[in-house]
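I opened the model and kept notes as I went. The entries follow in the order in which I looked things up.

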Amino acid sequence: MTRVWLPCGDYHQNYAEDQGWWQTRVIQGKMIFLLVLVFILFPLFLSGYWLSVANMIGYTALGALGVQILIGYAGLITLGHAAFIAVGAYASTVLILYFPWPHFLVAWGLAYPISIIIAAIVAGLWSVLFGLPSARIKGFYLILSTMAAQFITVDFILTQYVSQIGGRGQAFSLPPGTIKIGPWLIDSDRKIYFLMITLLTLAVIVTANLLRTRVGRAWVAIRDNDVAAETLGINIVWYKLLNFFVAGFIGGIAGAFWVSNCAALSPEHFPWFWSLWLVGVILIGGAGIDGVIFGSIFMVGVMELIQIGVISISDVYPELMIKFLYIKESVFGLAICAFLIYEPRGLSYRWWQIKNYFNLWPFSY
Amino acid sequence: MELFLMTLTTGIMVGGIYALVALGWVLIYKCSGVLNLAMGELTLIGAYVTISFYSWGVPFVLSIVCTLIVGIILGILVERIFLDRLIGEPILAIIMVTVGISYFLKGIIEFIWGTDIRVFTPPIFSLKPFSIGFLKISTVYFWSFVLAIVLFLVFVAFFKYTRWGLSMQATADDETAALSLGVSARFVYAASWAIAFMSAGVGGALLGNINGVTISVGYLGLLVLPAVVLGGLNSVPGAIVGGLLIGVLQNFAGTYLDAYFPGGVKDVFPFAFMAVFLLFMPYGLWGWVKIERM
């Protein structure tokens, strides 16, 4: 798959040009427009409701990015990624609430940013712990050990032990004013949106560049054939664990971000369903980082549309509102099945086809 | 000592039900290579269908038979609609289709029956435990175990002695050879799903008898995954041993470890044990060791 179609007569003259992200003026213009759109136009013109939907999309995309690194780039299928997001969220919350921060850090609003980084590292290390079996097992057995990660972490350790810190029982409540970055207090959907879009953009840039380094190529080699990769001299255990670390790291960032969006944190935010949901997102989205974004937009968007539909007919059939969660689960299941059967390469492949069609439009060969 | 033996017997009795469900799982895997994560919801369906028939006044044994029939129909439908088109796809696609099916079914179950706990009224088995020597055994556990074992033997006899069972064994062993001998692989796939739905359904009905029917019965059905992994994915004896082992381990964890790790150690222990076990025996007790060549 060529990544970029160059106009006729346009050639690269050196390696840097050949490897560049934005290779033509048109692409450059498009990308700058996209950045302006998400950083300036959306927050200016969208209402609070749509911004909160966008935040949900961003959170899903951050979580699914980690899953994409594991499944899409190293072939390590995980069904327990919500555990690492939960570890990130809890690490960040516990740090903010109970760590004896020096006063100047709190005054400068650095407590939350520092806690995000620490939470990401903790989540990454936790992920490596459950990635250790991948040294010996793969395929279905690995899937089961990641499921074990989900049940052990969320249903046992977080619910039974971590939630007891501070003696409040089930949930941590975050009083208003605790989430502060520099001079800004993160208290409205618009500010959360800025935090989300910054984190997501950074994560996407770092991941996209990481994937074209030696590390990323090693991951792809392991995914395609791990035996062949080993004969090429790639230390597969090391690279698999590194993959788990990076995926958990991004999951930790996602979790720590989610803290800013909710007033209280409880283990119910990270059920097994959420792990499966993230895998569903990348299956529907398709390969690559754009697959993550497409999948998140599609899944969150469809659920919002269903919710709007249910609300509009709830006058006739009020029971539907109560049962919305069940409808959501059914639709999720059906969407995954339908995509795997009818569109197995996902939305990003369809997008690629559409782009190619219009590249030569209206004068195809 | 008495506590130890009581825990052991309870574990074995529950383990019998797990073994029954695990048999269905292994069967699907052996025949069609599908790794099925929908087992929890299959048990749920069984539990709810049985309790519905029972509450309409159908006797318990007849409602189990009705569950079997519903299981056959649903199994064939699921196989025909979803899995049939995905033969030969990568492992992730197949696993996620089963996940999709499981959520689809779960949503429908919750939509129809709600999430309240339901119990079999009037209770089918007397609540009074009976004793063998100094062992006290709850009647529910005992009869569930007996029923599970009977069904288990019926399924095994089906494989060993009937024409259909033999054709399923042949397909599991070597699909190409079976096809060339005139065995219809599509029939075998459908049959394996039907049997899995039946075994999971009965397992669900029995589990629902013990604790009442809720969505959490689905979680118990999920425990079949550690069971098959302990036994090895493609081994029927492994499924039995794995199921019994998981039942015993779960009850021991509940009895002895609860003092040290208060809370839900009983629920997560099978998964934790499995994760550690896999580090030392990656293919379970009797699973085939896959030899990879380039």
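**Entry 1: a helix pair in chain B**

I began with helix H1 (residues 2-32) of chain B and helix H5 (residues 139-161) of chain B, which pack at an angle of about 30 degrees with their axes 9 Å apart. Axes here are lines fitted to C-alpha atoms, for helices over the stretch in contact, and angles run from 0 to 180 degrees between N-to-C directions. Helices (H or I, at least four residues) and strands (E, at least two) are DSSP runs, numbered from the N terminus. The crossing of H1(B) and H5(B) is left-handed, a term used if the near helix is turned anticlockwise from the far one by less than a right angle, with right-handed for clockwise.

I listed the residues that make the contact: H1(B) gives, among them, Met13(B), Ile17(B) and Leu20(B), and H5(B) gives residues including Phe145(B), Ile149(B) and Phe152(B). Contact means that the C-beta atoms of two residues, placed from the backbone, lie within 7 Å. Ala, Val, Leu, Ile, Met, Phe, Trp, Tyr, Cys and Pro count as nonpolar, Asp, Glu, Lys and Arg as charged, and the others, Gly among them, as polar.

**Entry 2: conventions**

This is a predicted model, in which local features need pLDDT of at least 70 and side-chain atom pairs count only at pLDDT 80 or more, while totals for chains, interfaces and linings use all residues. Residues are numbered from 1 along each chain as its sequence is written, and chains are lettered from A and ligands numbered from 1 in the order in which they are written.

**Entry 3: chain B as a whole**

I noted 12 helices and 2 strands in chain B, in the sequence order α-α-α-α-β-β-α-α-α-α-α-α-α-α. Chain B has a radius of gyration of 19 Å, close to the 19 Å that the globule rule gives for 294 residues, so it is as compact as a globular protein of that length. The radius is taken over C-alpha atoms, and the rule is 2.2 Å times the number of residues to the power 0.38. Along the principal axes, the C-alpha atoms of chain B fill a box of roughly 55 × 50 × 35 Å.

Of the 294 residues of chain B, 49% are buried (20 or more other C-beta atoms within 10 Å; exposed is 12 or fewer, partly exposed in between; C-beta atoms placed from the backbone). Of the chain B contacts between residues at least 6 apart in sequence, 75% join residues at least 24 apart.

Why is H2(B) largely enclosed by the rest of the structure? I found 15 of its 17 residues buried, so that is the reason. Just after H2(B), Gly57(B) takes a positive phi of about 100 degrees.

Gly75(B) is in helix H3 (residues 60-81) of chain B and is buried, with 24 C-beta neighbours inside 10 Å. Beyond four places in sequence, Gly75(B) is in contact with Trp193(B), Ala194(B), Ala196(B) and Phe197(B).

**Entry 4: chain A against chain B**

I read off 37 residues of chain A in contact with 38 residues of chain B. On the side of chain A that touches chain B, H7(A) gives the largest share, 12 residues. That side of chain A has 27 nonpolar, 6 polar and 4 charged residues.
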